[in-house]
Amino acid sequence: MDMSAETNKQLARLWILEGWNKNRNKEVVEQVFARNWIDGNPTFADQPQGIDGALYYVNVYRNIFPDIQFELTHIIADENFVTFRFVAEATHQGEFMGIQPTGKRVKFSGIVMHRVENERFAESWNEIDLLSIKNQLETN
């Protein structure tokens with residue numbers, strides 16, 4: 001039985017607002033991701049699949065932007081998908097796209113789409129404005 005659109009929205013809110021914003025990703029990852037989760041456009045070549053892959057993604061970004069905070073600006077869902085747009089702010093504390101830590105604050109946006117199956121994210125796609133981050137870090 002498919003979840004309702006509202007339940008899918010709650011799943012996304014749990015991952016972003018509780019997982020990311022409260023640094024509880026490790027606590028909520030198994031409530032949110034399918035064991036065989038697939039990253040539809042992996043950011044990192046050595047990223048594993050499944051729950052380990054989701055945590056790998058979190059750990060890499062937490063090392064670069066340890067204080068990252070997300071604001072969900074839009075969220076759209078149906079029985080099979082949930083998509084949201086976000087604006088995030090963070091401090092650059094780890095190497096990013098070849099740029100050594102600068103301590104600068106960055107603000108960027110992105111859109112994430114999750115296919116939901118059996119009350120878990122089964123497959124995900126991220127479109128993050130990496131060029132904006134790079135430009136902010138490279139300006140004096």
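Predicted model: local features only at pLDDT ≥ 70, side-chain atom pairs only at ≥ 80, totals over all residues.
Helix α2, which spans residues 25-32, packs against helix α3, residues 50-64, at an angle of about 150°, and the two axes lie 10 Å apart. Because angles over 145 degrees count as roughly antiparallel, α2 and α3 are assigned to that class. The crossing in which α2 passes α3 is right-handed. On the side of α2, the contact is made by Asn 25, Lys 26, Val 29 and Glu 30, which meet Ile 51, Ala 54, Leu 55, Val 58, Asn 59 and Arg 62 of α3. By residue class, this contact of α2 with α3 comprises five nonpolar, two polar and three charged residues.

Aromatic pairs in the model number 14. In the pair formed by Tyr 61 and Phe 65, the ring centres are 6.4 Å apart and the planes meet at 25°, so the arrangement is classed as stacked. Tyr 61 is buried, with a relative accessibility of 5%, and Phe 65 is likewise buried, its relative accessible area being 0%.

Most residues other than glycine have a negative phi. Met 97, although not a glycine, has a positive phi of about 50°; Met 97 is placed in the loop between β3 (81-91) and β4 (105-117), where its relative accessible area of 44% makes it partly exposed. Asn 118, which is also not a glycine, shows a positive phi of about 55°. The loop between β4 and β5 (120-128) holds Asn 118, and at 68% relative accessibility Asn 118 is counted as exposed.

Technical notes. Residues numbered from 1 in each chain as written. Heavy atoms only, no water. Phe/Tyr/Trp six-rings, centres within 6.5 Å; stacked < 30°, edge-to-face > 60°. Buried < 20%, exposed > 50% of the residue type's maximum accessible area, 1.4 Å probe, protein only. Axes fitted to C-alpha atoms, helices over the stretch in contact; angles between N-to-C directions. Helix = DSSP H or I, 4+ residues; strand = E, 2+ residues; numbered from the N terminus. Parallel < 35°, antiparallel > 145°, perpendicular 65-115°, else oblique. Left-handed = near helix turned anticlockwise from the far one by under 90°. Contact = heavy atoms within 4.5 Å. Nonpolar A, V, L, I, M, F, W, Y, C, P; charged D, E, K, R; others polar.
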